[in-house]
Amino acid sequence: MDRPPPHWRTTTHDWANTVDAEHLSTIRGDPAAFAPGGLRQLVLEVVAYAADEAESRGAGRCTVTLLSDGSVCVADDGRGTDTRFDAEGRAVKKPVMATKDLRFFDQPGAQSLPDGHPRRGMSVVAALSEWLVHTNRREDGAWSQRYEHGVPTTGLCPIESDGTTGTTVHFRPAQLPEFETELDAHSLARFVSSWPRLGVEVHDRRPG
(Lines give C-alpha, C1' and ligand atoms only; values in the text may rest on other atoms or scores of the structure.)
Protein backbone atom coordinates (compact mmCIF):
# COMPACT_ATOMS: atom_id res chain seq x y z
CA MET A 1 0.00 0.00 0.00
CA ASP A 2 1.30 3.48 -0.83
CA ARG A 3 2.35 5.73 2.01
CA PRO A 4 -0.32 8.26 3.04
CA PRO A 5 0.21 11.97 2.33
CA PRO A 6 2.75 13.65 4.67
CA HIS A 7 0.17 16.08 6.09
CA TRP A 8 -1.57 13.13 7.76
CA ARG A 9 1.23 13.20 10.34
CA THR A 10 -0.49 16.06 12.18
CA THR A 11 -2.76 13.71 14.17
CA THR A 12 -2.14 11.60 17.26
CA HIS A 13 -0.31 9.02 15.13
CA ASP A 14 2.08 9.16 12.21
CA TRP A 15 -0.11 8.05 9.31
CA ALA A 16 2.97 7.74 7.09
CA ASN A 17 4.32 4.92 9.26
CA THR A 18 2.08 1.85 9.56
CA VAL A 19 4.55 -0.21 11.65
CA ASP A 20 7.22 1.22 13.94
CA ALA A 21 9.32 -1.91 14.51
CA GLU A 22 11.88 -0.14 16.69
CA HIS A 23 9.18 1.28 18.95
CA LEU A 24 7.51 -2.12 19.37
CA SER A 25 10.85 -3.80 20.06
CA THR A 26 11.68 -1.24 22.75
CA ILE A 27 8.40 -1.97 24.53
CA ARG A 28 8.88 -5.74 24.34
CA GLY A 29 12.41 -5.38 25.69
CA ASP A 30 11.28 -3.68 28.91
CA PRO A 31 7.63 -4.42 29.70
CA ALA A 32 7.96 -3.35 33.32
CA ALA A 33 8.86 0.18 32.22
CA PHE A 34 5.98 0.60 29.79
CA ALA A 35 3.25 -1.31 31.64
CA PRO A 36 4.21 -1.36 35.32
CA GLY A 37 0.57 -2.04 36.20
CA GLY A 38 0.66 -5.37 34.40
CA LEU A 39 -2.45 -6.82 32.82
CA ARG A 40 -4.68 -4.30 34.59
CA GLN A 41 -2.81 -1.49 32.88
CA LEU A 42 -3.17 -3.11 29.46
CA VAL A 43 -6.94 -3.29 29.95
CA LEU A 44 -7.08 0.32 31.13
CA GLU A 45 -5.07 1.44 28.10
CA VAL A 46 -7.77 -0.02 25.83
CA VAL A 47 -10.70 1.31 27.85
CA ALA A 48 -9.12 4.78 27.91
CA TYR A 49 -9.79 5.19 24.18
CA ALA A 50 -13.47 4.40 24.71
CA ALA A 51 -13.45 6.91 27.56
CA ASP A 52 -11.94 9.55 25.26
CA GLU A 53 -14.78 9.09 22.81
CA ALA A 54 -17.43 8.99 25.51
CA GLU A 55 -16.12 12.30 26.79
CA SER A 56 -16.32 13.87 23.32
CA ARG A 57 -19.81 12.50 22.65
CA GLY A 58 -21.21 13.03 26.12
CA ALA A 59 -21.67 9.33 26.94
CA GLY A 60 -20.62 5.84 25.92
CA ARG A 61 -20.64 2.21 26.94
CA CYS A 62 -17.95 -0.44 27.11
CA THR A 63 -17.80 -4.11 28.11
CA VAL A 64 -14.65 -5.82 29.42
CA THR A 65 -14.70 -9.63 29.38
CA LEU A 66 -11.98 -11.71 31.06
CA LEU A 67 -11.92 -15.06 29.25
CA SER A 68 -10.89 -18.56 30.32
CA ASP A 69 -7.97 -18.75 27.85
CA GLY A 70 -6.26 -15.78 29.51
CA SER A 71 -7.38 -13.32 26.87
CA VAL A 72 -9.36 -10.12 27.36
CA CYS A 73 -12.04 -8.65 25.12
CA VAL A 74 -12.92 -4.95 25.30
CA ALA A 75 -15.89 -3.78 23.20
CA ASP A 76 -17.36 -0.28 22.99
CA ASP A 77 -20.26 1.40 21.22
CA GLY A 78 -18.29 4.30 19.74
CA ARG A 79 -17.92 5.46 16.16
CA GLY A 80 -15.10 3.05 15.34
CA THR A 81 -11.42 3.73 14.77
CA ASP A 82 -10.72 6.44 12.20
CA THR A 83 -10.00 5.26 8.65
CA ARG A 84 -8.66 7.41 5.82
CA PHE A 85 -8.23 6.76 2.12
CA ASP A 86 -5.13 7.12 -0.03
CA ALA A 87 -4.95 8.73 -3.47
CA GLU A 88 -6.18 5.47 -5.04
CA GLY A 89 -9.25 5.31 -2.81
CA ARG A 90 -7.90 2.43 -0.70
CA ALA A 91 -8.61 2.37 3.04
CA VAL A 92 -5.67 3.29 5.26
CA LYS A 93 -6.17 2.26 8.87
CA LYS A 94 -5.09 4.61 11.61
CA PRO A 95 -1.94 2.88 12.97
CA VAL A 96 -2.98 2.89 16.63
CA MET A 97 -1.63 -0.59 17.32
CA ALA A 98 1.79 -0.56 15.66
CA THR A 99 3.02 3.02 16.19
CA LYS A 100 3.36 5.27 19.21
CA ASP A 101 0.55 7.56 20.28
CA LEU A 102 2.30 10.91 20.02
CA ARG A 103 0.27 12.38 22.88
CA PHE A 104 1.84 10.00 25.36
CA PHE A 105 5.36 9.42 24.06
CA ASP A 106 6.45 12.73 22.52
CA GLN A 107 4.78 15.19 24.87
CA PRO A 108 5.69 16.06 28.47
CA GLY A 109 3.11 15.58 31.17
CA ALA A 110 1.16 12.72 29.58
CA GLN A 111 -2.09 11.97 31.37
CA SER A 112 -2.31 9.14 33.87
CA LEU A 113 -4.58 6.12 33.86
CA PRO A 114 -6.92 5.52 36.82
CA ASP A 115 -4.32 3.24 38.44
CA GLY A 116 -1.86 6.14 38.53
CA HIS A 117 0.52 4.85 35.86
CA PRO A 118 1.30 7.05 32.82
CA ARG A 119 -0.89 6.40 29.80
CA ARG A 120 1.09 4.98 26.86
CA GLY A 121 -1.52 3.96 24.30
CA MET A 122 -2.48 0.95 22.25
CA SER A 123 0.99 0.16 20.93
CA VAL A 124 1.96 -1.04 24.42
CA VAL A 125 -1.02 -3.40 24.51
CA ALA A 126 -0.24 -4.79 21.06
CA ALA A 127 3.50 -5.15 21.64
CA LEU A 128 2.99 -7.02 24.93
CA SER A 129 0.34 -9.38 23.56
CA GLU A 130 0.92 -12.75 21.92
CA TRP A 131 -1.91 -11.79 19.60
CA LEU A 132 -4.46 -9.04 19.29
CA VAL A 133 -7.51 -8.84 17.02
CA HIS A 134 -8.89 -5.38 16.32
CA THR A 135 -12.44 -5.29 14.95
CA ASN A 136 -13.73 -1.97 13.72
CA ARG A 137 -17.31 -1.09 12.77
CA ARG A 138 -18.05 2.27 11.19
CA GLU A 139 -20.95 3.60 9.20
CA ASP A 140 -18.80 3.39 6.06
CA GLY A 141 -17.73 -0.24 6.56
CA ALA A 142 -16.46 -2.87 8.97
CA TRP A 143 -13.16 -4.77 9.09
CA SER A 144 -10.89 -6.80 11.32
CA GLN A 145 -7.10 -7.10 11.61
CA ARG A 146 -4.82 -9.43 13.58
CA TYR A 147 -1.50 -8.54 15.21
CA GLU A 148 1.16 -10.73 16.80
CA HIS A 149 3.50 -9.05 19.28
CA GLY A 150 2.41 -5.71 17.85
CA VAL A 151 3.02 -6.49 14.17
CA PRO A 152 0.07 -6.86 11.77
CA THR A 153 -0.18 -10.40 10.37
CA THR A 154 -3.18 -9.66 8.14
CA GLY A 155 -4.41 -6.73 6.14
CA LEU A 156 -7.76 -5.06 6.73
CA CYS A 157 -10.19 -7.95 6.36
CA PRO A 158 -13.72 -6.75 5.49
CA ILE A 159 -16.47 -8.21 7.66
CA GLU A 160 -20.21 -8.05 7.30
CA SER A 161 -21.81 -5.02 8.88
CA ASP A 162 -24.32 -5.65 11.65
CA GLY A 163 -25.73 -2.12 11.63
CA THR A 164 -23.76 -1.01 14.69
CA THR A 165 -20.61 1.06 15.17
CA GLY A 166 -17.82 0.52 17.66
CA THR A 167 -14.44 -1.03 18.32
CA THR A 168 -13.56 -4.43 19.78
CA VAL A 169 -10.04 -5.24 20.95
CA HIS A 170 -9.45 -8.91 21.86
CA PHE A 171 -5.94 -9.69 23.08
CA ARG A 172 -3.94 -12.29 24.99
CA PRO A 173 -1.00 -10.90 26.96
CA ALA A 174 2.41 -12.47 26.51
CA GLN A 175 3.54 -14.68 29.37
CA LEU A 176 6.63 -12.80 30.49
CA PRO A 177 8.34 -13.78 33.79
CA GLU A 178 8.60 -10.25 35.17
CA PHE A 179 5.18 -9.21 33.99
CA GLU A 180 2.28 -9.21 36.47
CA THR A 181 -0.65 -10.97 34.81
CA GLU A 182 -3.04 -11.42 37.74
CA LEU A 183 -6.15 -9.29 37.46
CA ASP A 184 -8.91 -8.94 40.00
CA ALA A 185 -12.24 -8.19 38.32
CA HIS A 186 -13.58 -6.24 41.29
CA SER A 187 -10.60 -3.89 41.48
CA LEU A 188 -10.71 -3.44 37.71
CA ALA A 189 -14.38 -2.41 37.94
CA ARG A 190 -13.43 0.14 40.57
CA PHE A 191 -10.70 1.64 38.39
CA VAL A 192 -12.82 1.94 35.24
CA SER A 193 -15.55 3.71 37.19
CA SER A 194 -13.16 6.70 37.31
CA TRP A 195 -14.34 7.71 33.83
CA PRO A 196 -17.69 9.44 34.54
CA ARG A 197 -18.96 9.58 30.94
CA LEU A 198 -18.26 5.91 30.20
CA GLY A 199 -20.43 3.12 31.53
CA VAL A 200 -18.33 -0.04 31.87
CA GLU A 201 -19.43 -3.60 32.60
CA VAL A 202 -16.80 -6.17 33.66
CA HIS A 203 -17.55 -9.87 33.10
CA ASP A 204 -15.23 -12.53 34.51
CA ARG A 205 -15.54 -15.76 32.50
CA ARG A 206 -12.42 -17.34 33.97
CA PRO A 207 -12.74 -20.65 35.83
CA GLY A 208 -13.06 -20.48 39.57
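Which exposed residues does the face of H6 turned away from its buried side carry? In this predicted model, that face of H6 carries His186 and Arg190, both of them exposed. The buried residues of helix H6, which spans residues 185-192, are Ala185, Ser187, Leu188, Phe191 and Val192. These residues lie on the same side of H6, because they cover an arc of only 160° around the axis. At the start of the helix, a side-chain oxygen of aspartate 184 comes to within 3.2 Å of the backbone nitrogen of histidine 186, and His186 is one of the exposed residues on the face turned away from the buried side.

One cavity of 30 Å³ or more is counted, and the largest cavity holds about 50 Å³ of space. Its lining is formed by Ala50, Glu53, Ala54, Arg57, Ala59, Gly60, Arg61, Asp76, Asp77, Gly78 and Leu198, which divide into four nonpolar, two polar and five charged residues. Helix H3 (38-57) and strand S1 (60-66) each supply at least two residues of this lining, and the largest share, four residues, comes from H3.

Key:
Residues numbered from 1 in each chain as written. Predicted model: local features only at pLDDT ≥ 70, side-chain atom pairs only at ≥ 80, totals over all residues. Heavy atoms only, no water. 1 Å grid on protein atoms, 1.4 Å probe; cavity = no way out; pocket = protein on both sides within 12 Å on 5 of 7 lines; lining within 4 Å. Points joined across faces, edges and corners; volume = space filled by probe spheres on them. Nonpolar A, V, L, I, M, F, W, Y, C, P; charged D, E, K, R; others polar. Buried < 20%, exposed > 50% of the residue type's maximum accessible area, 1.4 Å probe, protein only. Arc of directions from axis to C-beta. Polar contact = N/O pair within 3.5 Å; in protein donor to acceptor, adjacent residues only side chain to side chain.
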